Amino acid sequence: MSLSFRRAAVAALLVASSPATLVAPKALGAQWLNRYPKNAGYGHHVYLEGYELPIMSAGVLDFAESATGGIVFASRGWLWRLDPATGVATRLTSGAGVDSRPAWSPDGRSVAFVRDDSRTLAVILRDMASGRETELDRGMAMDPVFTPDGKAIVYANATSGDLDLWRHDIAAGTKTRLTTEAGIELRPQLAPDGKRMVYLSKTRAGDQVRLRTIADGSDRTLLTGNIVSQTRPALSPDGNLVAYPWPGANGWELRLTSTERPGVSIMLVGRNGGRPIDPAWSEDGRWIYYSEGDDRHVARLYRVPAIGGQPQEVAVRSWDWGVPMGRLVIETRCPECGAAGSAAATVAARLSVTDATGHPLIPAEGMSRFDGQNGRVFFYSSGTMTMDVPAGAVTVRAVHGLATREVTATATVAPGASANASLSLTPLWNAQRAGWYSADHHFHLNYGGQFALQPQELFPLMAGEDLDVATPMIANLHNRFEDQWLFQWKSLGTNGPLVRWAQEVRSHFLGHVGLIGTDQMFWPWVWGPGYEVYGRDDRTNAEPIAFGRKQGGAGYYVHPISGNRNPFTDTTLGSIPVALVADAAHGAIDLLEIVCLWSNSVGTTELWYRILNAGFPVAPSGGTDVMTDFHRTMAVGSTRVYVRPDGAFNWENYFAALKAGRSFVTNGPMVQLKVGEQQPGDVIASGGREMAFELSVASAVPVDSIALVVNGRTVWTGGALDASGRRTFLGKVRLPAGGWVAARVVGPTVDGWPAMGEYSFAHTAPIWIGKKGSTEPAARRAAAADLLRALGVSEQRLEAGYQGSEIPRLKGYFAEAKTILEGLAR
């Protein structure tokens, strides 16, 4: 690594005490909170944006047919009109916004649809003859539908704080709120008499498809389930039948039920691994249309008879863009990337491409995704790709992993011609050449998204993100345990990335635990208060961790602290997972997920410092917790851990080094620390002396705090990075007789690639003094006292959650943990 700056030696004296709160941006919540207006009615905004908001695909989505036979659908973020006789699709909209979910007026003269500007959703009314557009409402406005008389539009919006259904009178411009229940209401479907409405309701208690009598507001439940992510009901033109996607035993199905007798349904479409989405009826009620992704993740349009039968594809034979077209060839090169590097070789990359208006452009096949932190649609290239694009200026943005700065190129594409965009990427630090390998240890391949993925489809993502190891986690969707057959799939060869399945065990009440490096799944996957089955099990989280260790694996807590930067105030102690402190005291935690998009790295580090200071050598880990089958999701590997294995790069060496703490975690900055000749995971022979340190930081994102930390206290701080994004500091630090030393990097709010977290953050694993798990007495006592306070709150929560149940194992386990911590506090 090139070292651009060396600072004169700086001596720093340690004052051992309890950890100090980190220097970080003032308004910190989780690493990622929400991009669109916050909705109070949904527990996890990532699910709201991932499941409920419109998506983008190169194929056909959101089919809508008018009473006069007109067909409109969404594709590539625009609306298109399909001529069913010729199969020609003609583009209707052409602006910068992403358009979707069209609905026809009863007279076929207007279409209402959703326009997404990457921060808000608006309902737009378009006159089909003139093309004139009128914005009716904005915020989280979606799912418009006309009333049968055509005088009003009903849609969902979060004007009141959570997503409710509203009626907009077109002539008067007035709005009336139709639903007021807690939770969210979506997808209104009006009966032909205008007196009844089918809609989708989602609350903390579950998901329901309801039938409402509009006059008195009374509801009847037609369907109920948990995390039925792709269920969007479609009411038949006569108002008697509801078509809807629903999870089955081996995939999603398209089913049909009656509004009068909803207890029974029939399956219209179903296959292993199927994912039929967005059902819509033909105007004559004979057909039900739906979209489903093919092997290339292009959404194809199908129809099936309402009485049952063989599905038929409705093909788009040609696309009329309405403007001159050309081709763009995109090449990404990185001579300094990889273990060897080559000036001639292309390199896989994450790309974002926009036309002259700023509208995102996507390839003809493959999944596109939306980065909810930076507001960009992105996809991956293997190094060279060709796209059909509107003639004019086209802008390409590219990165290769976290260590490269974003590179931008703009090409002018002439009508009927081909243009080239060549982007040269340069890493600020080459991990593999330095002997480090990166991993994402917490994400989900399939989690109820729009397209079902196979494990081998991770390889292009990993290549574009310069990610060496991935452990996708199998996890429950409440009471569904899908994709179990994938658990035995692995790719551990020497010529490619390492992929091995892991498991997320969700005792929601006690805290989520990950198991890595195991060959068998732990059962039950779920238990504890909140679950209908095993809800009163007297079972500790230490049980699955012991199960994993017995197989040579490791157990760790994922996304432990959300929403606060210091979990040890009187008001935030309840944010620590109920069983985590007890498990730490018993030595039952191997790893702690310090960086994760859905938790707070600063707050998690406060907890980690106290665990280390109490003498428990827990190594750091990192994972995104993204759902790769979502359109709206961050990139896999956008938070990660870097590991320094001994010997050849293989699973055994890598995993041993991960557990040993030969690592650092990051969502952007790269940090290297040496104290003497020791690196993270190593042990300094003895303390009580002054030692030289070398701290190097390279970052493609802003950094404003670089610190050396001893036993949780900042003992040295460095300046900002220079223009190159790299800096090396030399100094001296006085070490106590016991404990640990590490480096921490924190930055301001992130705006731009390669990062996708709210703020930049990196932290090395500790270098131990004397031996692993050694402590400094004052720091140990202070840490144990704080952990005892947290354990006390956890015991209260345990009693309240299991109220009325006999749980002698859990109570005994917590009592033993208290005794251990009391001993450390003395």
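Are helices α5 and α7 parallel or oblique to each other? I opened the notebook with this point, and I note at once that the model is predicted, that local features need pLDDT of at least 70 and side-chain atom pairs pLDDT 80 or more, while totals for chains, interfaces and linings use all residues. Residues are numbered from 1 along each chain as its sequence is written, and side-chain values use heavy atoms, with hydrogens and water left out.

**Entry 1, the helix pair.** I looked up α5 (residues 601-613) and α7 (residues 777-801), whose axes come within 8 Å and cross at roughly 125 degrees. Axes here are lines fitted to C-alpha atoms, for helices over the stretch in contact, with angles from 0 to 180 degrees between N-to-C directions. Helices (H or I, at least four residues) and strands (E, at least two) are DSSP runs, numbered from the N terminus. The two helices are therefore oblique to each other, given that angles under 35 degrees count as roughly parallel, over 145 as roughly antiparallel, 65 to 115 as roughly perpendicular and the rest as oblique. At the meeting place I found Leu-607, Arg-610, Ile-611 and Asn-613 of α5 against Ala-779, Arg-780, Ala-783, Asp-786 and Leu-787 of α7, where contact means heavy atoms within 4.5 Å.

Cys-334 and Cys-337 are the partners, with S to S at 1.9 Å, and the torsion about their S-S bond is about 70 degrees, so the disulfide is right-handed. Both cysteines are buried (buried means under 20% relative accessible area, exposed over 50%, partly exposed in between, with a 1.4 Å probe and protein chains only). I also checked Cys-596, which is buried at a relative accessible area of 0%.

Arg-369 is 312 residues from Ser-57 in sequence, yet their C-alpha atoms are 9.1 Å apart. Beyond four places in sequence, the contacts of Ser-57 include His-297, Val-298, Ala-299 and Phe-451, and its side chain reaches the backbone nitrogen of Ala-299 at 3.4 Å.

Arg-506 sits in strand β40 (residues 502-507) and is buried, with a relative accessible area of 5%. Its side chain makes a polar contact with that of Glu-504 at 3.4 Å; a polar contact is a pair of N or O atoms within 3.5 Å, of which, within protein, one must be able to donate a hydrogen and the other to accept it, and residues adjacent in sequence count only if both atoms are side-chain atoms.

I found a cis peptide bond between Trp-523 and Pro-524, with omega about 0 degrees, and a cis bond from Trp-753 to Pro-754 with omega near 10 degrees. Pro-524 lies in the loop between β41 (511-516) and α3 (542-550). Asp-62, in strand β2, has a positive phi near 60 degrees although this residue is not glycine.

Key
A disulfide is a pair of cysteine sulfur atoms within 2.5 Å.
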